[in-house]
Amino acid sequence: MSSLFVYGTLMSPEVISRVIATLQCSTGLSRLTFRPASLKVLGAQYPAIVQSKLDSVEGIVVSGLSQEDIALLDLYEGEQYRRVSVQVETAVKYGSELLGTPDVPSEHLAVETYVWAHGLQGLSHLDWNFQDFVNESLKKWLTNEEEFRQVDVYHTEK
């Protein structure tokens with residue numbers, strides 16, 4: 001079984017369960033020391049991250065993933081992303097900050113995540129905001145068959 005740090009659209013329970021119907025467990029919010037997930041992909045409604053030690057990204061660690069789950073997530077992310085091994089820091093949320101506290105220290109986990117495969121090419125410098133996505137785009141996203149086409153083909157061929 002594998003663990004994966006997800007951010008962006010996959011933080012939505014509706015989106016991730018649309019990709020992997022067998023989702024069993026996840027930990028709370030986590031922090032990954034990467035360039036912010038707030039980089040919008042040009043012409044798209046989803047973010048990307050690129051490696052950097054300067055900033056952090058909020059996301060969720062999903063654990064208990066099977067090889068089939070990972071294959072489905074690879075299909076969903078497509079060729080624009082590559083899956084890499086990373087260390088994430090689990091933390092508690094305090095206001096708008098993720099913090100380790102003396103009472104609840106952070107924990108480092110070895111997981112994988114999806115990073116943008118093209119450096120900064122194709123990325124804007126505009127912020128991508130998860131709550132804005134939920135409020136403005138989630139319903140449309142879930143009914144957009146193109147976003148889930150490869151996953152749906154996998155399920156019908158199975």
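Colleague: Leaving aside neighbours within four places in sequence, which residues is Tyr81 in contact with?

Modeller: In this predicted model, Tyr81 is in contact with Tyr7, Val41, Tyr46, Pro47, Ala48, Tyr114, Val115, Trp116 and Ala117, once its neighbours within four places in sequence are set aside.

Colleague: And which aromatic cluster is Tyr81 part of?

Modeller: Tyr81 forms one aromatic cluster with Tyr46, Trp116, Trp128, Phe130, Phe133 and Trp141. The structure holds eight aromatic pairs, and one of them joins Tyr46 and Trp141, whose ring centres are 6.0 Å apart with the planes at 70°, so that pair is edge-to-face.

Colleague: Where do Tyr46 and Trp141 lie?

Modeller: Tyr46 lies in the loop between strand S3 (39-40) and strand S4 (47-48), whereas Trp141 lies in helix H4, so the pair ties together parts that are 95 residues apart in sequence.

Colleague: Is Trp141 buried or exposed?

Modeller: Trp141 is buried, with a relative accessible area of 3%, and Tyr46 is buried too, at 16%. Trp141 also pairs with Phe133, where the ring centres are 5.7 Å apart and the planes stand at 80°, so this pair is edge-to-face as well. Phe133, like Trp141, is buried.

Colleague: Staying in that part of the chain, where is Ser137?

Modeller: Ser137 is in the loop between helix H3 (130-136) and helix H4 (138-143). Its relative accessibility is 13%, and because the cut-off for buried is under 20%, Ser137 counts as buried. Not counting residues up to four places away in sequence, Ser137 touches Gln45 and Asp132.

Colleague: Changing topic, how many residues does the largest nonpolar core have?

Modeller: The largest nonpolar core has 40 residues, and those with the most contacts inside it are Leu10, Val19, Leu73, Tyr76 and Tyr81. At least two residues of this core come from each of strand S1 (2-6), helix H1 (13-19), strand S5 (57-65), helix H2 (67-77), strand S6 (81-90), strand S9 (107-116) and H4.

Colleague: Which element gives the largest share of this core?

Modeller: That is S5, which supplies five residues.

Colleague: What sits over the ring of Phe148?

Modeller: The charged end of Arg18 does, at 4.3 Å from the centre of the Phe148 ring.

Colleague: How many helices and strands are there in the chain overall?

Modeller: The chain has five helices and nine strands, and along the sequence they follow the pattern β-α-β-β-β-β-α-β-β-β-β-α-α-α. Of the 158 residues in the chain, 39% are buried, and the chain exposes about 9,000 Å², of which carbon and sulfur atoms supply 50%. Among contacts between residues at least 6 apart in sequence, 76% join residues at least 24 apart.

Colleague: What about confidence, and which element has the lowest mean pLDDT?

Modeller: The mean pLDDT of the chain is 80, with 77% of its residues reaching 70 or more. Among the elements, strand S8 (residues 97-99) has the lowest mean pLDDT, 46, while H2 has the highest, 94.

Colleague: Over which residues does pLDDT stay under 50?

Modeller: That stretch is residues 93-102, for which the model has 19 contacts beyond four places in sequence. Where pLDDT is low, the predicted coordinates should not be read in detail.

Definitions and conventions: Residues numbered from 1 in each chain as written. Predicted model: local features only at pLDDT ≥ 70, side-chain atom pairs only at ≥ 80, totals over all residues. Heavy atoms only, no water. Helix = DSSP H or I, 4+ residues; strand = E, 2+ residues; numbered from the N terminus. Buried < 20%, exposed > 50% of the residue type's maximum accessible area, 1.4 Å probe, protein only. Contact = heavy atoms within 4.5 Å. Phe/Tyr/Trp six-rings, centres within 6.5 Å; stacked < 30°, edge-to-face > 60°. Lys NZ or Arg CZ within 6 Å of the ring centre and 35° of its normal. Core = buried A, V, L, I, M, F, W, Y, C linked by side-chain atoms within 4.5 Å. Areas by Shrake-Rupley, 256 points an atom, 1.4 Å probe, with all protein chains shown as cover. pLDDT = per-residue confidence, 0-100.
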